[in-house]
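My notes follow in the order in which I made them.

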Amino acid sequence: MRKPTIKDVAARSGMAIGTVSRVLNGSQATSEASRLAVLEAARELGYLPNAHARSLRSAHSGTIALLVPDIRNPFFAELARVVESAALDHGLATLLCNADEDAAQFDRYVEVIRRQRVDGVAMIPLGEAHQAIDRVIADAIPMVFLDRHVPDIAVPSVVSDPEPGLSQAVDRLLEAGHTRIGFITGPMASSTGRERFHAYRSAMAARGIDVDPELVSHGDFQEESGMQGSALLLDRGVTAILASDSLMSMGALRTCHARGLRIGQDIDLIGFDDLPVFTLTDPPLTVVDQPIAEIGRHGVEMLLARMAGEQADSVRLPTRLIDRSSTRKDAGSPAR
């Protein structure tokens, strides 16, 4: 069966081909009546424009790119879903690229993005990938950062502010009587790793407590570092653990279960990100929650503004503690 063409739409709607072309390409230089007639004819015929040919004519592809550090991380998977949905609401397809927390792979995907003639880029940057980001900026491709930012690169960002949630987490553990609290950091090369650790130290200092370096394990936002870090902290006699990322939280859960520890009784555990799986653990996990949906939606709106040639200001959205049964009311003796 022959596919309908723009000439068929013109004949069906009674409009000139030029008018049909303007309507289908989003031009406002037509009357509302003409626009509705063309769109109705295109719908009835099942006409679909040739996106590739249109992009060559208009220099717009109708596509944005989303570059994430690790699609295995449930936080980034959910963020990608939100961004894709929000972009689709605006008629944009999303090219999803996964760097796998590897700077070389990040760099390769940047080159793919540059070749694909995307209209804009939403990116969660890697700390080691400044030169790749600079190439996107040099190409004048509209770009925003999500979740992470790079202080010395002038790209607007939508990130969460870890201080409110981590301050509430510290209060929760201190109120339970804990004095030996272990903290698993993210990589210091990332803004999220640095800022979450800084927020934890600031919350402790505001309550007159110095953070013991022996009770800090430096992780890398991977589950294995959560397993190893929690094992190290348990061996050093902590009674509570605060993990600053969802995958590291999962690793800490695995270690505690492997040691036969009853979470919320033998050891208190606070994770990061309110993922659905954390409501299904036994017991449900207390978490510092960051607003994934708001980050994604704000990011798409910001990118649309940049694509329209407008300026955009960076946004920081507050985190909050969701208190569940993995934190008890009274601290017991250190778990071993």
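Entry 1, Thr30. I began with the contacts of Thr30: leaving aside neighbours within four places in sequence, Thr30 is in contact with Thr19, Arg22, Val23 and Arg35, where contact means heavy atoms within 4.5 Å. Thr30 sits in the loop between helix 2 (17-24) and helix 3 (32-45). I took helices (H or I, at least four residues) and strands (E, at least two) as DSSP runs, numbered from the N terminus. At 19% relative accessibility I list Thr30 as buried; buried means under 20% relative accessible area, exposed over 50%, and partly exposed in between (1.4 Å probe, protein chains only). I also checked Val20, ten residues from Thr30 along the chain, and found their C-alpha atoms separated by 9.3 Å.

The model is predicted, so local features need pLDDT of at least 70 and side-chain atom pairs count only at pLDDT 80 or more, while totals for chains, interfaces and linings use all residues. Residues are numbered from 1 along each chain as its sequence is written, and side-chain values use heavy atoms, with hydrogens and water left out.

I noted twelve helices and twelve strands in the protein chain. Along the principal axes, its C-alpha atoms fill a box of roughly 80 × 40 × 35 Å. The chain has 336 residues, and buried ones make up 49% of them. Of the contacts between residues at least 6 apart in sequence, 70% join residues at least 24 apart.

Two packed helices are described by the angle between their axes and the distance between the axes. The axes of helix 5 (residues 74-89) and helix 12 (residues 292-307) cross at roughly 40° and come within 8 Å. Axes are lines fitted to C-alpha atoms, for helices over the stretch in contact, and angles run from 0 to 180 degrees between N-to-C directions. Helix 5 and helix 12 are therefore oblique to each other; angles under 35 degrees count as roughly parallel, over 145 as roughly antiparallel, 65 to 115 as roughly perpendicular and the rest as oblique. The crossing of helix 5 over helix 12 is right-handed; a crossing is left-handed if the near helix is turned anticlockwise from the far one by less than a right angle, and right-handed if clockwise. From helix 5 the contact takes Phe75, Glu78, Leu79, Val82, Val83, Ala86 and Ala87, and from helix 12 Ile292, Ala293, Ile295, Gly296, Arg297 and Val300. I sorted this contact by class into ten nonpolar, one polar and two charged residues. Ala, Val, Leu, Ile, Met, Phe, Trp, Tyr, Cys and Pro count as nonpolar, Asp, Glu, Lys and Arg as charged, and the others, Gly among them, as polar.

Helix 8 (residues 162-175) packs on helix 9 (residues 191-206) at an angle of about 45°, with the axes 9 Å apart. That makes helix 8 oblique to helix 9, and the crossing is right-handed. Helix 8 contributes Pro162, Glu163, Leu166, Ser167 and Val170, and helix 9 contributes Glu195, Arg196, His198, Ala199, Tyr200, Ala203 and Met204. The residues of this contact divide into seven nonpolar, two polar and three charged.

Among the buried residues of helix 9 I listed Phe197, Ala199, Tyr200 and Met204. What do the buried residues of helix 9 pack against? They pack against helix 8, strand 6 (181-185), strand 7 (216-218), strand 8 (240-243) and strand 9 (268-272). Gly208 follows helix 9 and has a positive phi, near 75°. Ser190 is in the loop between strand 6 and helix 9. Ser190 is buried, with a relative accessible area of 5%, and touches Arg148 and Phe221, not counting residues up to four places away in sequence.

The axes of helix 10 (residues 223-235) and helix 11 come within 6 Å and cross at roughly 50°. That makes helix 10 oblique to helix 11. Ser249 lies in helix 11 (residues 246-258) and counts as buried at 1% relative accessibility.
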